[in-house]
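Subject: Handing over the structure

Hi,

Here is the structure I promised to pass on. Have a look at it first, and my notes on what turned up follow below.

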Amino acid sequence: MKSKPGANEPPNDGIVGGLTIFLADSYLLMGKTQACHWNVTGPNFHGLHTLFEVQYTELFKAVDVIAERIRALGSPAPMTIEGMLAQATLTEPARIPDASGMVRMLGDDHRTLSAAAATLAEEAEDDLATHDLLVARIAAHDKAAWMLRSHSA
């Protein structure tokens, strides 16, 4: 019999563990997207500044839904940024990228999260609420990646 993680310990296995990692990555992507919104420069400033705002706003809503699903499944959601960063698989940039680097970085992260959501959705096929949440995230990340790709064409 497995012991339950403590209140300060994130779960590290099963669908809740996967959702916790997905939440951490989503939160990190939200922060990266907002930082790009603040720091973008160049000839496409207005278009990217606006796109990044739309995307970080969508991610803000998504992290709440993901965290609430973790709670509904009976586990604690991460309480600290440090705790989330420890769970995240995405990385932070070493420096502020230029506009095309921002588009590339965020697009790559959205594709990574879409793939992670697809893997988790397969694992959660018997948990319809979690499965549906993840399918919605796949669509959102695929759309965000497409929007970003369209800015680099």
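A quick word on terms before the findings: a residue is called buried when its relative accessible area is under 20%, exposed when it is over 50%, and partly exposed in between, using a 1.4 Å probe and protein chains only. Bear in mind that this is a predicted model, where local features need pLDDT of at least 70, side-chain atom pairs count only at pLDDT 80 or more, and totals for chains, interfaces and linings use all residues. Residues are numbered from 1 along each chain as its sequence is written, and side-chain values use heavy atoms, with hydrogens and water left out.

Let's start with S114. With a relative accessibility of 8%, S114 counts as buried. You'll find S114 in helix α4, which covers residues 99-123. (Helices are DSSP runs of H or I with at least four residues, strands are runs of E with at least two, and both are numbered from the N terminus.) Neighbours within four places in sequence aside, S114 is in contact with I138, H141 and D142, where contact means heavy atoms within 4.5 Å.

L59 counts as buried, at 0% relative accessibility. Not counting residues up to four places away in sequence, L59 touches S26, L29, M30, T33, H110, R137 and H141. Y27 and L59 are 32 residues apart in sequence, but their C-alpha atoms are 7.4 Å apart in space.

Next, the salt bridges. How many does the structure hold? There are 4, counting a side-chain nitrogen of Lys or Arg within 4 Å of a carboxyl oxygen of Asp or Glu. Here are three of these:

- D109 pairs with K32, and the closest N and O atoms are 2.4 Å apart. D109 sits in helix α4 and K32 in helix α1 (residues 14-39), so this pair ties together parts that are 77 residues apart in sequence. Both D109 and K32 are buried.
- E58 pairs with R137, with 2.5 Å between the closest N and O atoms. Because E58 is in helix α2 (residues 45-72) and R137 in helix α5 (residues 128-152), the pair ties together parts 79 residues apart in sequence. E58 is partly exposed at 31% relative accessible area, whereas R137 is buried at 7%.
- D127 pairs with R69, the closest N and O atoms being 2.9 Å apart. D127 is in the loop between α4 and α5 and R69 in helix α2, so parts 58 residues apart in sequence are tied together. Both D127 and R69 are buried.

Now for the surface. Patches are made of residues with over 30% relative accessible area and no salt bridge, joining like charges within 9 Å and nonpolar side chains (Val, Leu, Ile, Met, Phe, Trp, Tyr) within 5 Å. Y27, I81 and L85 form a nonpolar one, with about 250 Å² of accessible area together (Shrake-Rupley method, 1.4 Å probe, only the protein chains shown counting as cover for residues). L85 lies in helix α3 (residues 81-87) and is partly exposed, at 38% relative accessible area.

E122, E123, E125 and D126 make up a negative patch. Asp and Glu count as negative and Lys and Arg as positive, with His and the chain ends not counted; a charge is placed at NZ of Lys, CZ of Arg, CG of Asp or CD of Glu. E123 counts as exposed, at 53% relative accessibility.

Best wishes
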